[in-house]
Amino acid sequence: MKMGLAILAVSVAMLASAASAQDMAAGKAAFAKCKACHSLEPGKNVIGPSLHGLFGRKAGTVPNFNYSSANKGSGIVWNEDTLFHYLENPQKAIPGTKMVFPGIKRDQERRDLIAYLKEATAAK
């Protein structure tokens with residue numbers, strides 16, 4: 001019985017690890033929709049602001065980027081939940097934002113992208 005539970009636990013852990021890797025790969029693929037306008041490099045603003053250090057940052061605060069007043073005044077602090085909502089429809093989440101991206105409608109694609117961004121934008 002104990003051996004069977006141990007095998008089950010190891011199997012579940014391996015599946016979770018494989019799913020996590022798949023999510024990261026899917027998230028990196030989803031980022032292709034973002035990289036024309038956003039950089040992951042610190043201080044490198046393009047059409048949109050750098051996403052480096054995104055998690056825990058207040059919206060509209062990347063230095064040397066000209067944000068809309070709607071974005072600066074949104075009061076949003078970026079985390080998994082705020083990004084999940086925002087990425088579905090940026091114009092609806094922050095009316096008046098300059099971000100013209102239509103959004104990512106599929107929940108799983110947004111989750112994968114957020115998982116990727118959480119790792120890719122972290123300070124190293």
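**Contacts, burial and a pocket**

Me: Which residues does Thr 97 touch, not counting residues up to four places away in sequence?
Reply: The model is a predicted one. Thr 97 lies in the loop between α4 (90–93) and α5 (107–120). With residues up to four places away in sequence not counted, Thr 97 touches Ser 68, Ala 70, Asn 71, Tyr 86, Pro 90 and Gln 91.

Me: Is Thr 97 buried or exposed?
Reply: A residue is called buried under 20% relative accessible area and exposed over 50%. Thr 97 has a relative accessibility of 8%, so this residue counts as buried.

Me: Which backbone atom does the side chain of Thr 97 reach?
Reply: The atom belongs to Met 99, and the distance is 3.4 Å.

Me: Why do the buried residues of α3 line one face of the helix?
Reply: In α3 (residues 80–88), the residues Leu 83, Tyr 86 and Leu 87 are buried. Viewed down the helix axis, the buried residues of α3 line one face because they fall within an arc of 95°.

Me: What caps the N-terminal end of α3?
Reply: A side-chain oxygen lies 2.8 Å from the backbone nitrogen of Asp 81. The residue that carries this oxygen, and caps the N-terminal end of α3, is Asn 79.

Me: How many nonpolar residues are in the lining of the largest pocket?
Reply: The largest pocket holds about 590 Å³ of space. Its lining consists of 30 residues, and those closest to the centre are His 38, Gly 48, Pro 49, Tyr 86 and Met 99. By class, eight lining residues are polar and four are charged, while the number of nonpolar ones is 18.

Me: Which backbone oxygen does the side chain of His 38 reach?
Reply: His 38 lies in the loop between α1 and α2. At 14% relative accessibility, His 38 counts as buried. Among the residues that His 38 touches are Phe 31, Val 46 and Pro 49. At 2.8 Å, the side chain of His 38 reaches the backbone oxygen of Pro 49.

Me: What is the phi of Asn 64?
Reply: Asn 64 is found in the loop between α1 (2–30) and α2, and at 78% relative accessibility Asn 64 counts as exposed. Although Asn 64 is not a glycine, its phi is positive, at about 65°.

Definitions and conventions
Residues are numbered from 1 along each chain as its sequence is written. This is a predicted model: local features need pLDDT of at least 70, side-chain atom pairs count only at pLDDT 80 or more; totals for chains, interfaces and linings use all residues. Side-chain values use heavy atoms; hydrogens and water are left out. Helices (H or I, at least four residues) and strands (E, at least two) are DSSP runs, numbered from the N terminus. Buried means under 20% relative accessible area, exposed over 50%, partly exposed in between (1.4 Å probe, protein chains only). A polar contact is a pair of N or O atoms within 3.5 Å; within protein, one must be able to donate a hydrogen and the other to accept it, and residues adjacent in sequence count only if both atoms are side-chain atoms. Contact means heavy atoms within 4.5 Å. On a 1 Å grid over the protein atoms alone, a cavity is a set of points where a 1.4 Å probe fits but cannot get out, and a pocket is an open set with protein on both sides within 12 Å along at least five of seven lines; lining residues have an atom within 4 Å of a point. Grid points are joined across faces, edges and corners, and a volume is the space filled by probe spheres set on the points. Ala, Val, Leu, Ile, Met, Phe, Trp, Tyr, Cys and Pro count as nonpolar, Asp, Glu, Lys and Arg as charged, and the others, Gly among them, as polar. The arc is that of the directions from the helix axis to the C-beta atoms.
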